[in-house]
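Trainee: I am new to this structure and would like to go through it step by step. Please show it first.

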Amino acid sequence: MCWSATADLVAGAGIAAVGVASATLAARRPRDLPLAALPVLLGVHQIIEAAVWHHDGGTGPATLAWAVIALPLLALWVPAAVLCAAPPGARRRLAVPLVVGCATAAALAHALATRTVTAEIRGHTVGYSLGLPRAELVVAGYLFATIGSLVLSGDRGLALFGVLVAVGAAVSFVLWRQEYISTWCATAAVSSVVLLLWVARRRPPAPRRAGGPLTP
């Protein structure tokens with residue numbers, strides 16, 4: 001995220017707290033839990049980046065942990081979570097971004113296992129470098145798996161989240177091309193708070209208590 005380790009830490013804690021509230025609301029709809037818990041993962045991700053700031057970047061465990069979440073894990077988590085929460089009629093088309101996400105996650109995991117990811121503090125941003133082969137193809141697959149699955153979900157709230165993430169990606173690319181991954185993950189984390197509203201809207205009504213007043 002931009003600005004400093006403190007900004008990452010505060011934002012990450014706040015987003016994770018929203019995620020805990022979202023997951024709690026989704027407890028009665030188990031299929032929604034993976035998406036409802038996404039802000040928790042993104043909040044933790046920002047907290048990890050605070051550790052990257054603290055160590056002045058480099059190639060340490062915090063940098064690797066940040067990259068594992070940002071790259072292969074999210075490429076797989078998002079389309080799988082959307083597929084879980086989607087209505088039956090949308091699941092066939094959502095299988096496509098899930099397959100693309102699996103392939104993209106496998107390519108990114110292989111790259112992380114065979115190459116060294118490096119973080120560099122650049123003013124008020126963090127730049128990450130992996131030397132990814134065929135980067136354009138992998139990025140296209142990543143965007144389709146994540147944003148594409150949200151837009152294709154058939155759910156208005158998830159589509160809104162997808163649009164917000166897409167706008168954040170475009171703005172990050174224009175303003176911080178060298179620090180694109182870090183700034184886009186930060187905007188996606190902030191945008192994920194809309195999932196709390198999505199979960200609240202989908203929460204089933206509480207069952208009537210036994211012995212309550214009868215309606216004539």
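Trainee: Which residues does the UniProt annotation "transmembrane region" cover?

Mentor: The model shown here is predicted, while the annotation comes from an unreviewed UniProt entry. According to that entry, the annotation covers residues 6-26, 33-53, 65-87, 94-113, 125-145, 157-175 and 181-200.

Trainee: How far apart are the end C-alpha atoms over residues 65-87?

Mentor: Residues 65-87 are one of the ranges that the UniProt entry annotates as "transmembrane region". In the predicted model this range is 91% helix and 0% strand. Its end C-alpha atoms have a separation of 33 Å.

Trainee: What is the percentage of strand over residues 125-145?

Mentor: This range, too, is among those in the UniProt annotation. Its end C-alpha atoms are 26 Å apart, and the chain there is 52% helix. Strand β2 spans 125-129, and the strand content over residues 125-145 is 24%.

Trainee: In what order do the elements of the protein chain run from the N terminus on?

Mentor: The protein chain has nine helices and two strands. Read from the N terminus on, the order is α-α-α-α-α-β-β-α-α-α-α.

Trainee: Which residues form a nonpolar patch on the surface with V68?

Mentor: V68 is found in helix α4. Its relative accessible area is 35%, so V68 is partly exposed. The patch has about 200 Å² of accessible area together, and the residues that form it with V68 are L64 and L73.

Trainee: Which element gives the most to the largest nonpolar core?

Mentor: This core has 47 residues, and L35, L38, L71, L74, F161 and W198 touch the most other members. With 12 residues, the element that gives the most to this core is α4.

Trainee: Is S149 buried or exposed?

Mentor: S149 lies in helix α6, residues 135-151. Beyond four places in sequence, S149 is in contact with V78, P79, V82, L94, P97 and F144. Because its relative accessibility is 0%, S149 counts as buried.

Trainee: Which residue pairs with D32 and ties together parts that are 170 residues apart in sequence?

Mentor: At 2% relative accessibility D32 counts as buried. R29, which is partly exposed at 30%, meets D32 in a salt bridge of 2.8 Å, N to O. In another salt bridge of D32, the closest N and O atoms are 2.9 Å apart and the partner is R202. D32 is in the loop between α1 and α2 and its partner is in helix α9, so the residue that ties these parts together with D32 is R202.

Trainee: How far apart are the closest N and O atoms of R202 and D155?

Mentor: R202 and D155 are both buried. R29, D32, D155, R201 and R202 are linked in a network of salt bridges. For the salt bridge of R202 with D155, the distance between the closest N and O atoms is 3.6 Å.

Trainee: How many salt bridges does the count come to?

Mentor: A pair is counted when a side-chain nitrogen of Lys or Arg is within 4 Å of a carboxyl oxygen of Asp or Glu. By this rule the number of salt bridges is five.

Trainee: What is the phi of D56?

Mentor: D56 is found in the loop between α3 and α4. D56 is exposed, with a relative accessible area of 62%. Its phi is positive although D56 is a residue other than glycine, with a value near 55 degrees.

Methods
Residues are numbered from 1 along each chain as its sequence is written. This is a predicted model: local features need pLDDT of at least 70, side-chain atom pairs count only at pLDDT 80 or more; totals for chains, interfaces and linings use all residues. Side-chain values use heavy atoms; hydrogens and water are left out. UniProt positions are given in the numbering used here, feature names are shortened, and annotations may be inferred rather than shown by experiment. Helices (H or I, at least four residues) and strands (E, at least two) are DSSP runs, numbered from the N terminus. Patches are made of residues with over 30% relative accessible area and no salt bridge: like charges are joined within 9 Å, nonpolar side chains (Val, Leu, Ile, Met, Phe, Trp, Tyr) within 5 Å. Accessible areas come from the Shrake-Rupley method with a 1.4 Å probe; for residues, only the protein chains shown count as cover. Buried means under 20% relative accessible area, exposed over 50%, partly exposed in between (1.4 Å probe, protein chains only). A nonpolar core is a set of buried Ala, Val, Leu, Ile, Met, Phe, Trp, Tyr and Cys residues joined through side-chain atoms within 4.5 Å. Contact means heavy atoms within 4.5 Å.
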